[in-house]
Amino acid sequence: MDKRRIVCNFVALFQIVKNFSRMKKQKILVATSGGDCPGLNAVLRSFVKRADLEGGWEVWGSIQSFSGLLGQPQDLRLLDRKAVSGIHIKGGTIIGTTKSSGPFNWPIKQADGTFKYIDRSDEMVQMCRDIGFAAVVNIGGDGSQAMSKRLFDKGLPIIGIPKTIDNDLGATDVTFGFQSAVDIATEALDRLVSTAESHNRILILEVMGKNSGWIALHSAIAGGAEICLLPEIPYDIDKVKSFLDARFEGGKKFAVAVVAEGAHPQGGDALGVQASELSSVRFEGAAQRFAQELKQAGVEAGIRCTILGHVQRGGSPVPYDRVLASQYGVKAFDLIQEGKFGQMVTYQSNKVSSVPLEEAISNPKFVDPNSFLVHTAKSINICFGD
Ligand code: F6P
């Protein structure tokens, strides 16, 4: 046998052995769904490392949520130790995500450029069976976990991992991404304070959170804001004006306000736009409206608005989020091993646990106006306008 032939035979043998060992491995599909947030990559890394150390498992990432599985061509990537090496410090998600398509609302472009949405969930469940995925992990917020629940009801062995900077999922005390967002908002406030003071201005910082005010409340306390407006505590502009008058009379001629994007005056609504029936509400304009109202109420100081926007979602996760995300990844794998599907990983009273998906999505978490946290803020003279 010549040398080339020996090499060819060796390569063929190697492929057979490799394919055989792959065949024996159990496959798991992982997707990141909805808006991204710091810590997603830390979850992927811990999940893959846990599976790899266990042995006998192969983790596949579906690119751009489940579009990777359902798309033509299919885009699934093997997530091995090398693929996740060192990614815990990276923002975003290495497997991408999307808010605009899913198995229940798969967009089909029409001749006139509009979209028709079809339900491909049954097809997706069948696809997972055909490929041989022993489990599916969906890392996402409230909307994504509602999708997980519907897929579970159709027989898909699925586990949910909660993520959102908004921290508004009732089943878990905290979601990863939240502390990172608070960190960014607090840093912005620290910077705003010095310029507000130099110019004797009122500087307003608008932060994310949809209908919940967690980012606003935490950053207002941490950053020493004078005013904090939350969706859960509708404000009265006259009360805010009186607070500012008292502050200015006391000698301080500047103020910094944190306004949650969903904040609204008493008797008014949050400023949200819903582009289509399937898209989520986009909040816009709460800070501008508040600035306008202050001017109309007779506040004479210069007023400027800063909209922090997606800066809060990008970049490296803070250590707290890396640790929480790593625990979530490991717990999700543990649940798969125990065969406990239809569950979402949670963190309650300092313990990593899980709840049925149904419970996870039925209970959004809002700031309680009577909580100790709000009491703390009020006790250090933060004005809510109530
Ligand atoms: O839910 C996370 C979040 O960042 C909200 O705080 C915010 O309202 C929304 O997503 C922004 O969504 P998009 O990225 O679609 O603009």
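Which residue forms a salt bridge with Arg191? The partner is Glu187, and the closest N and O atoms of the two are 2.7 Å apart.

## Basis of the model

This is a predicted model, in which local features need pLDDT of at least 70 and side-chain atom pairs count only at pLDDT 80 or more, while totals for chains, interfaces and linings use all residues. Residues are numbered from 1 along each chain as its sequence is written, and side-chain values use heavy atoms, with hydrogens and water left out.

## Salt bridges

The whole structure holds 16 salt bridges (a side-chain nitrogen of Lys or Arg within 4 Å of a carboxyl oxygen of Asp or Glu). Arg191 and Glu187 both lie in helix α7, residues 178–199, where they are four residues apart, about one turn of the helix (helices are DSSP runs of H or I, at least four residues, and strands are runs of E, at least two, numbered from the N terminus). Arg191 is exposed at 56% relative accessible area, whereas Glu187 is partly exposed at 40% (buried means under 20%, exposed over 50%, partly exposed in between, with a 1.4 Å probe and protein chains only).

Arg120 and Glu123 also meet in a salt bridge, at 2.9 Å from N to O; here Arg120 is buried at 11%, and Glu123 is partly exposed at 38%. Arg50, Glu54 and Asp334 are linked in a network of salt bridges.

## The open sheet

Four strands form an open sheet in the order β9-β10-β8-β13, with parallel pairing (two strands pair if DSSP finds at least two bridges between them). Its edge strands, each pairing on one side only, are β9 (227–229) and β13 (302–307). β9 pairs with β10, residues 255–260, over three bridges, and Ile227 has Ala257 in β10 as its bridge partner.
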